[in-house]
Amino acid sequence: MKKLKLGNSSLEVGEISLGCMRMHAVSKEDARNVIENAMEEGIDLFDHADIYGGGKSEEAFADAIDMNPSIREKMILQTKCGIRKGFFDFSKEHILESVDNSLKRLKTDYIDILLLHRPDALVEPEEVAEAFTKLKESGKVCHFGISNQNPMQIELLKKYVKQDLIINQLQFSLMHTPMIDAGVNVNMQNDPATVRDGSLIEYSRLNDMTIQAWSPFQYGMIKGPFVGNEQFPEVNEKLQELAEEKGVTDSAIAIAWILRHPAKIQPVVGTMTPQRLSDIAKASQVELTREEWYELYRTAGNELP
Ligand SMILES: NC(=O)c1ccc[n+]([C@@H]2O[C@H](COP(=O)([O-])OP(=O)(O)OC[C@H]3O[C@@H](n4cnc5c(N)ncnc54)[C@H](OP(=O)(O)O)[C@@H]3O)[C@@H](O)[C@H]2O)c1
């Protein structure tokens with residue numbers, strides 16, 4: 001698996017990561033298999049959140065591998081906080097409490113990367129700064145980032161937060177491309193020209209932030225996988241054609257499409273099936289041409305001006 005440098009940090013990780021949102025729903029044995037399989041494939045960043053399975057996904061992860069220091073040091077653990085029942089909360093108190101709970105559930109004494117999960121309309125950036133500094137100085141968190149935030153929200157945080165924000169985790173897949181659409185339709189009067197994200201790809205490249213792509217196989221708001229889905233015949237035909245040509249699966253091509261972008265986006269895949277994960281990992285060896293990348297984009301339902 002090729003490596004990827006996260007933001008402007010010294011962290012180097014496998015360019016594909018594993019999201020553990022669905023881990024609470026599988027058996028201990030399946031969870032262990034998928035984690036071990038990931039490590040064998042060079043997937044070493046594991047994405048969590050305090051809310052996945054109401055905390056049960058973090059617990060299931062640590063239980064599955066009987067978490068201990070020697071296993072712990074081989075992996076990069078990322079978790080998130082800030083989503084609560086019916087509201088978002090970036091208060092200092094909540095951030096600190098959430099990290100303490102994640103540390104307990106993950107059976108570790110440090111988190112490699114902490115992300116703020118979804119923008120809190122009532123954010124007080126000074127409080128976030130205080131929380132981050134406390135977490136950094138206590139050694140509980142090594143690096144910080146955000147998720148689902150636009151450039152101005154990030155700039156607001158950066159005015160106060162001392163630590164670098166190395167990651168922005170965002171929904172991105174072949175079937176969810178607002179971050180691309182506006183850029184190829186500049187100054188047009190069609191719907192894709194609408195800038196919904198504040199030009200995040202350009203902002204992230206300018207500021208050396210890594211974009212992580214969540215739900216890379218889903219269409220809509222996690223409505224289900226588009227790969228192999230007969231609702232989307234054109235894109236699936238193209239995925240299949242390229243898969244056969246390159247000797248990998250259609251899922252691997254969908255991930256290779258994300259990896260082909262020069263912004264060096266890290267997909268966060270959520271499969272809990274070890275074989276599917278191994279097949280997806282092969283995306284790291286696939287090189288899509290510029291023409292193939294655009295063909296996939298077009299067959300996913302996008303028109304070029
Ligand atoms: N920051 C945020 O706001 C946010 C939001 C949502 C998710 N996330 C993160 O992103 C991660 C990935 O999200 P996700 O699980 O929705 O992503 P995904 O990788 O797009 O979807 C995985 C799901 O699709 C199923 N699937 C069915 N057919 C598939 C195929 N051909 N190829 C691949 N998967 C197929 C998988 O089933 P099997 O398990 O049976 O393979 C699994 O249930 C999460 O675990 C979480 O860490 C972050």
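Here are a few friendly questions and answers about this predicted model.

Q: Is Ser 204 buried or exposed?
A: Start by finding Ser 204 in helix H8, which covers residues 200–206. A residue counts as buried when its relative accessible area is under 20%. Ser 204 has a relative accessibility of 3%, so this residue is buried.

Q: Which residue has its backbone oxygen 2.7 Å from a polar atom of the Ser 204 side chain?
A: Look around Ser 204 in two steps. Beyond its neighbours within four places in sequence, Ser 204 is in contact with Met 209 and Ile 211. The backbone oxygen at 2.7 Å from a polar side-chain atom of Ser 204 belongs to Leu 200.

Q: How do helices H5 and H6 lie to each other: roughly parallel, roughly perpendicular or oblique?
A: Two packed helices are described by the angle between their axes and the distance between the axes. For H5 (residues 125–137) and H6 (residues 151–160), the angle is about 60° and the axes are 8 Å apart. That angle makes H5, relative to H6, oblique.

Q: How many charged residues are in the contact of H5 with H6?
A: H5 brings Pro 125, Glu 126, Val 128 and Ala 129, while H6 brings Leu 156, Leu 157 and Tyr 160. Glu counts as charged. By class, the contact has six nonpolar residues, no polar ones, and as for charged residues, one.

Q: Which helices are included in what covers the buried residues of H12?
A: The buried residues of H12 (residues 290–299) are Glu 292, Trp 293, Leu 296, Tyr 297 and Thr 299. What covers them includes helices H7, H9 and H10.

Notes: Residues numbered from 1 in each chain as written. Predicted model: local features only at pLDDT ≥ 70, side-chain atom pairs only at ≥ 80, totals over all residues. Heavy atoms only, no water. Helix = DSSP H or I, 4+ residues; strand = E, 2+ residues; numbered from the N terminus. Buried < 20%, exposed > 50% of the residue type's maximum accessible area, 1.4 Å probe, protein only. Polar contact = N/O pair within 3.5 Å; in protein donor to acceptor, adjacent residues only side chain to side chain. Contact = heavy atoms within 4.5 Å. Axes fitted to C-alpha atoms, helices over the stretch in contact; angles between N-to-C directions. Parallel < 35°, antiparallel > 145°, perpendicular 65-115°, else oblique.
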